[in-house]
Each structure stands twice: as C-alpha cells, then as structure tokens.
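Hi,

Here is the structure I promised to pass on.

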Amino acid sequence: MVGIIIASHGSLAEGILQASEMIFGKQDNVAACTLLPSEGPEDIKRKIEEAISSFDSQDEILILADLWGGTPFNQASQVIAGHEDKWAIVAGVNLPMAIASFWKRFAEESAQAIAKNVLGGGKNDVKINPESLVPKVETKAKEVKVVIGSIPEGTAIGDGKFNYVLARIDTRLLHGQVATGWTKSTNPDRIIVVSDKVAQDDLRKNMIMEATHP
C-alpha cells in the first residue's frame, strides 16, 4: 500500500490527519510531519525521512505538502530526489485531498497515479457559500450537430434492462473489497451506487468516484 506523508508548517498536518481519521478511520502507513517555529529545514527533512523509514514499504510514497515552494515542500523535494519514477508530492493539501488519497489507496498501487487523481478533487471541493459570490465564467455554446437517425440521449437499447454481474446491499456502499477485488473478477463496465444521502453530499460522491478504477 502507498505510504502517505502530510507535511506542513505548524501543526496543520497533524490536524488534517486527525480530522481525516475521524471521517475515514485509523490509517496505517500514514504520518504527519510538522515544521515548528523553533525548527529549521533540516528538522522537517529528518522527520519526513524517519516517517518513510517507519512504513511497511518504501516503494511507493506520496507526500501531501501545505504550500508550493514552502520549506516542507522544498525539503520533501530533496527527499524524493532519486525516486522521481515512483514517488510524488502534491502541494496545497486540504481535508478532501487527504481523504481522497486514503480512498484511492484501495484502488491504486502507484503514488503518482494517486497524485494525479486527488489534485482535481482537492480543487473542486473549495467552494463558497452563498453561491452567488462565485464568479461567473462565460462559456460559448457549442454547436451541436444533429445526425438524422441518431439515438436520443437516455433512450433504452434493446429491452432496456441491465445485465447485472453483481448486486450487493452494504451500508459501506463502495469499499475496498468491491473496488479492487470483485470488480476484477466480475469485470463490470459500470458501478451504480444507490443512496439518497450520498446523492446530496458532494464530498462523499467524490470519494466514491475516486475509489473506483478508471
């Protein structure tokens, strides 16, 4: 499993890890590394190196840093030198990004694959309330070509029935065994999660989407 380090100025990393585990549960091979006001660059670098050494495996490492160009990020960049083929750093860590990283570990064995996936989620979960404050972005309408005889969107094909390969009732909805184990044996082309609560919760929807294979 990919090892994850959250690195930050002050105790931010510890707070994000604590909050993530409140939501997602206790995590193995995850560490928070903090740069305190009385410490210097070598201190945070040492903490990161010690955390990596404590993991079960050092093959795949993902570092979530608080600020691009900040001391934790710069020292983490030195730590991953020589491992750029497998290790990765994502800057701008927030709670949704950390949770998504934990989710994605069930489906991905590559730190760099997780880094690519959680970047978008971390950005998309930064929102404003009231929504009227969100700047409006004007988009040009795309010209839609209508092909005579084409099938309208939403039209059922054949008898309109699904070919089910697996049906499961579970309060955990989509969890690691389903996302990584059963999908490989049943080989579905679509996973449908049915939950009224999740349908109204953007964070949980993103977590479920990111836990599945592409």
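Below is what turned up, starting with the sheet and moving on to the helices.

A quick word on the ground rules: this is a predicted model, where local features need pLDDT of at least 70 and side-chain atom pairs count only at pLDDT 80 or more, while totals for chains, interfaces and linings use all residues. Residues are numbered from 1 along each chain as its sequence is written, and side-chain values use heavy atoms, with hydrogens and water left out.

The sheet: it is an open one made of 4 strands in the order β2-β1-β3-β4, with parallel pairing. Helices (H or I, at least four residues) and strands (E, at least two) are DSSP runs, numbered from the N terminus. Two strands pair if DSSP finds at least two bridges between them. β2 and β4 (88-91) are at the edges with a single partner strand each, so one side of each has no neighbour in the sheet. Neighbouring strands are turned by 20° against each other on average, ignoring direction.

β1 (residues 3-9) pairs with β2 in the parallel sense over 6 bridges, and Ile5 sits opposite Ala31 in β2. In β2 (residues 30-35), 5 of the 6 residues are buried, so this strand is largely enclosed by the rest of the structure. Buried means under 20% relative accessible area (1.4 Å probe, protein chains only).

Now the helices. α4 (residues 95-104) lies across β1, β2, β3 (61-65) and β4, and runs at about 170° to β3. Axes are lines fitted to C-alpha atoms, for helices over the stretch in contact, and angles run from 0 to 180 degrees between N-to-C directions.

In the loop between β4 and α4 you'll find Asn94. Asn94 counts as buried because its relative accessibility is 18%. Leaving aside residues up to four places away in sequence, Asn94 touches Ile16, Gly122 and Val126; contact here means heavy atoms within 4.5 Å.

Last, how do α2 and α3 cross? The axes of α2 (residues 41-54) and α3 (residues 71-79) come within 9 Å and cross at roughly 50°. That makes α2 oblique to α3, oblique being what is left once angles under 35 degrees (roughly parallel), over 145 (roughly antiparallel) and 65 to 115 (roughly perpendicular) are taken out. Residues making the contact include Ile44 and Ile48 of α2 and Ala76 and Val79 of α3.

Cheers

Technical notes. Buried < 20%, exposed > 50% of the residue type's maximum accessible area, 1.4 Å probe, protein only.
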